[in-house]
Amino acid sequence: MTMFSTTRRTLFAGAAAGAAFAAVGAPRLALAAPETGRPAPDFAATDTKGARVSLADMRGKVVVLEWTNHDCPFVRKHYGAGNMQDLQRLAASQGFTWISIISSAPGKQGHVSAEEANRLSETRDATPAHVILDPEGTIGRAYQARTTPQMFVIGTDGTLLYMGGIDSIASSRQADIETAVPYVRNAIEAIAAGRPVPEAVTRPYGCAVHYAT
């Protein structure tokens with residue numbers, strides 16, 4: 001993993017080369033890595049509207065986790081094209097619970113207040129069931145979330161069923177969405193149909209999560 005200066009934007013990019021980069025100050029994630037087929041890391045938090053959210057309390061529902069940073073060009077790609085919103089609506093139509101998580105630390109790119117996060121959802125026509133602020137990086141480190149966007153899908157019994165990228169083309173170009181393999185869409189549709197997820201682990205891409213150091 002190559003370390004870049006903090007003055008440069010750090011990206012997971014290059015689908016052909018499959019190269020991965022992390023920003024200076026990105027955490028050394030020492031916790032046990034999450035694995036598909038095993039219980040997803042539990043968490044409890046208060047969302048941006050004051051509701052208590054606990055993964056344990058959501059047993060019986062499929063849960064989609066989205067790591068996000070509104071200033072990241074890769075996140076802007078999917079929200080600007082309406083792709084992320086389409087996935088949120090698809091998940092909701094199947095009775096799944098979508099949770100957007102912001103692990104940017106105070107003073108770092110992507111950090112927002114609860115009010116700002118709610119305003120972003122409104123202005124982008126986003127419909128997550130919950131938005132959780134994780135400024136200390138507790139949830140992000142538990143999932144070893146490294147990029148924005150990065151996605152996880154958890155089954156009704158709490159088992160991690162999918163983790164990785166939103167799709168297969170690591171670029172910030174909206175035009176690439178149409179030709180990419182839609183990993184998260186495929187996972188949602190497979191789970192809804194009672195089928196195994198076709199590609200349960202994929203490489204995430206995007207901007208490095210700006211954790212507290």
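Residues are numbered from 1 along each chain as its sequence is written, and side-chain values use heavy atoms, with hydrogens and water left out. Since the model is predicted, local features need pLDDT of at least 70 and side-chain atom pairs count only at pLDDT 80 or more, while totals for chains, interfaces and linings use all residues.

Helix H3 spans residues 114–123 (helices, H or I, have at least four residues and strands, E, at least two; both are DSSP runs numbered from the N terminus). Its buried residues are Ala117, Asn118, Leu120 and Ser121 (buried is under 20% relative accessible area, exposed over 50%, partly exposed in between, with a 1.4 Å probe and protein chains only). These four cover an arc of only 155° around the axis, so they sit on the same side of H3; the arc is taken from the directions from the helix axis to the C-beta atoms. That buried set packs against strands E7 (97–102) and E8 (130–133), where contact means heavy atoms within 4.5 Å. On the face turned away are the exposed Glu115, Glu122 and Thr123. Just after H3, Asp125 takes a positive phi of about 55°.

As for disulfides (cysteine sulfur pairs within 2.5 Å), a search of the whole structure turns up one. The bond joins Cys72 to Cys207, with S to S at 2.3 Å. Cys72 lies in the loop between strand E6 (63–67) and helix H1 (73–80) and Cys207 in strand E12 (residues 206–208), so the pair ties together parts 135 residues apart in sequence. The S-S torsion is about 90°, which means the disulfide is right-handed. Cys72 counts as buried at 0% relative accessibility, and Cys207 counts as buried at 1%.
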